Amino acid sequence: MNLKMPYIRIVVIGALICLLPLVLSTFYMHIAVLVLIWAFLACAWNIIGGYAGQHSLGNGLYMGIGAYTVAYLVNRFNLTPWVGLVVAIILSAAAAAFIGWIVFRYALKGAYFALVTIALTEAAVYVVSNIPALGGAGGMQMEYRGNSLAYMQFAGQNGYFYMGVVLVVFILLLTQWYKRKRFFYQLIAVRENEDAAEALGVDTVKAKIKANVMSGVLCAVGGVFYAQYFLYVGPRSVFGEVVSVQILIYAIVGGLGTTWGPVVGAVLLVPLSEITRGQLGNSFPGSQLLLYGLVMVLTMMFMPFGIMGLADRLRQRWQHRSATPLVDSQGGEAS
Amino acid sequence: MTAMLEVRGLTRRFGGLVAVNDLTFEVNEGEMIGLIGPNGSGKTTTFSMLSGALRPSSGTIAFNGERIEGLKANKVCRKGLARTFQVVQPFPDITATENVMIGAFVNTGGGRQAEAKAREELERVGLTPKADTLAKELTLLQLKRLEIAKALATEPKLLLLDEVAAGLTSTEVDVMLKLVRQLNTEGITCIIVEHVMRFVMNLSHRCIVIDFGSQIAEGTPEEVLNNPAVHAAYLGEEASIA
Ligand SMILES: Nc1ncnc2c1ncn2[C@@H]1O[C@H](COP(=O)(O)OP(=O)(O)OP(=O)(O)O)[C@@H](O)[C@H]1O
Ligand SMILES: [Mg+2]
């Protein structure tokens, strides 16, 4: 297959998606923006969780750092969100590097890593809730300053929608590009077998820290976008376990460690969860988390590699059937 | 000239058990060394220390004149000392080629170069027909070859081979023998741990015998085979040494 094909596919699909505002009503445009936000965040999580196989349950921490940084700087110092974006990137990179350094140097793995990350993101909820300058438990409202790219604010949803498309296309291209590079191969090696990776010259600690930073920074960018869209940040809406679980569930359902998986997961689940929240949210609080739990368990039972993994498997089976059996029986055993 | 590998007083304890006890030996460039001993005598533990996977309790390891004990495995590998694992350690969910590419990335950052290198190494070990098969779908024998290809892709100067002939049929042992000999003529120094005596004795210039972690003999294959101490150590395993 042509090596450029995956890139072309991303750009073409992105361009086609840009036509959606022509047909969608305001309500569905809102859902479409949400899909883009969560697709982007899930792609970001996919780097540490899917490719490197380190199941962080606390990437809300970085999303929250991004959202709160931009909200605070805009409100307090009247800065443009673009400056906030840069500061958010720096802060989240520092946090992700520090946490990664501590956690991976002491070889915390599997459930321990998951627990530490969830503890950190929950701790952030309490810390932020108790800082009056950050709005305390009530969070921060941001002022609407008018339809302008300089303020990263738009009248109506279309501006946000296009911005979301650009972000998702960007992260897909980035993922696709890294997939052919040493860095992602090393992450996959870490995920598959750390001892073997070390023996083949992979600095596994460094690779995991780098993945954590890349994932964290991108989640912070997602957080900035989220804050700009809602013009509101609250401790539980951007930090905390609910958002952290949301970030990862789309990637898991769509397919861990695949380029498109997180996007597919978000496209299928975000509308579903928005609708159930609207229908059940008031009469049945917590229904959203319950739904996530259910979907996750079903995914792990019936398609451990998510929708994209299942699609791959079906395609391979199809190809095997159409290939002559001879190809297979010439295996390496013969010599 | 100093030896390529100089091991002095190498010791490893696991609680009360001394798995490797005060091992001292040298390996010169271009040599093929057999490291033999009964089950549980400390061969794999020695390899793990040499390759940086395991910290020695005491002792020193110098590789090309540079002390490497206590370095992490990835650093040791990048200095040109690679190992294969007795219990094969593939990356199960990626293809054979991609498995080998991980090793190739030691010397190149580019995906295309790494892939070319990987395919070369797969060819060398006879796995080309399985290049695009997922590692988890390979047989044990194919996985043993994959172990060698992965290690070779890092372009080692010293290669530690841990029981690469175990479990192979007689003809397969011959193929493996030819492969390892070929590596040696290409300038790779090897230490071979192996219970298949025909394999080690054919390949080794020199053998080191350990028992309960301590060295009990050293010499040419014939000298070692005729050493009464070695026979005593292998008592009960007589069949395998004969
Ligand atoms: N991680 C460990 N913890 C505790 N004991 C260990 C560990 N690794 C090895 N040992 C013990 O150290 C001794 C040496 O083991 P090692 O695997 O090095 O032997 P070996 O010579 O490679 O044996 P074999 O020929 O069966 O592969 C054994 O008694 C083993 O049980
Ligand atoms: Mg062993």
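Modeller: Gladly! Let us begin at the ligand: a polar side-chain atom of Lys43(B) lies 2.7 Å from an oxygen atom of ligand 1. Please keep in mind that this is a predicted model.

Colleague: Thanks! Which residue has a backbone N or O atom 3.2 Å from an oxygen atom of ligand 1?

Modeller: Side chains reach the ligand too, and His195(B) places a polar side-chain atom 2.7 Å from an oxygen atom of ligand 1. The backbone atom you ask about, 3.2 Å from a ligand oxygen, belongs to Ser41(B).

Colleague: How much of ligand 1 does the protein bury?

Modeller: Start with the contacts: His195(B) has a polar side-chain atom 2.7 Å from a ligand oxygen. Taken alone, ligand 1 exposes 640 Å², and the part of that buried by the protein is 61%.

Colleague: Which element gives the most residues to the shell around ligand 1?

Modeller: There are 13 residues around ligand 1, and those that come nearest are Asn39(B), Lys43(B), Thr44(B), Thr45(B) and His195(B). Two elements of chain B, β2 (17–27) and α1 (43–50), each supply at least two residues of this shell. The one that gives the most, with three residues, is α1(B).

Colleague: And by class, how many residues of that shell are polar?

Modeller: The shell around ligand 1 has three nonpolar and two charged residues. The polar residues in the shell number eight.

Colleague: Now to the two chains. How much area do chain A and chain B bury between them?

Modeller: On the chain A side 26 residues are in contact, and they meet 38 residues of chain B. Carbon and sulfur atoms carry 55% of the buried area. Between them, the chains bury about 2600 Å².

Colleague: Which elements of chain A each supply at least two residues of the side that touches chain B?

Modeller: Between the chains, nine residue pairs are in polar contact. The elements of chain A that each supply at least two residues of the side touching chain B are α7 (182–192) and α8 (194–199).

Colleague: How many residues on that side of chain A are nonpolar?

Modeller: Of the residues on the side of chain A that touches chain B, six are polar and nine are charged. The nonpolar ones number eleven.

Notes:
Residues numbered from 1 in each chain as written. Chains lettered and ligands numbered in written order. Predicted model: local features only at pLDDT ≥ 70, side-chain atom pairs only at ≥ 80, totals over all residues. Heavy atoms only, no water. Contact = heavy atoms within 4.5 Å. Buried area = accessible area lost by both parts, 1.4 Å probe. Polar contact = N/O pair within 3.5 Å; in protein donor to acceptor, adjacent residues only side chain to side chain. Helix = DSSP H or I, 4+ residues; strand = E, 2+ residues; numbered from the N terminus. Nonpolar A, V, L, I, M, F, W, Y, C, P; charged D, E, K, R; others polar. Near = heavy atom within 4 Å. Areas by Shrake-Rupley, 256 points an atom, 1.4 Å probe, with all protein chains shown as cover.
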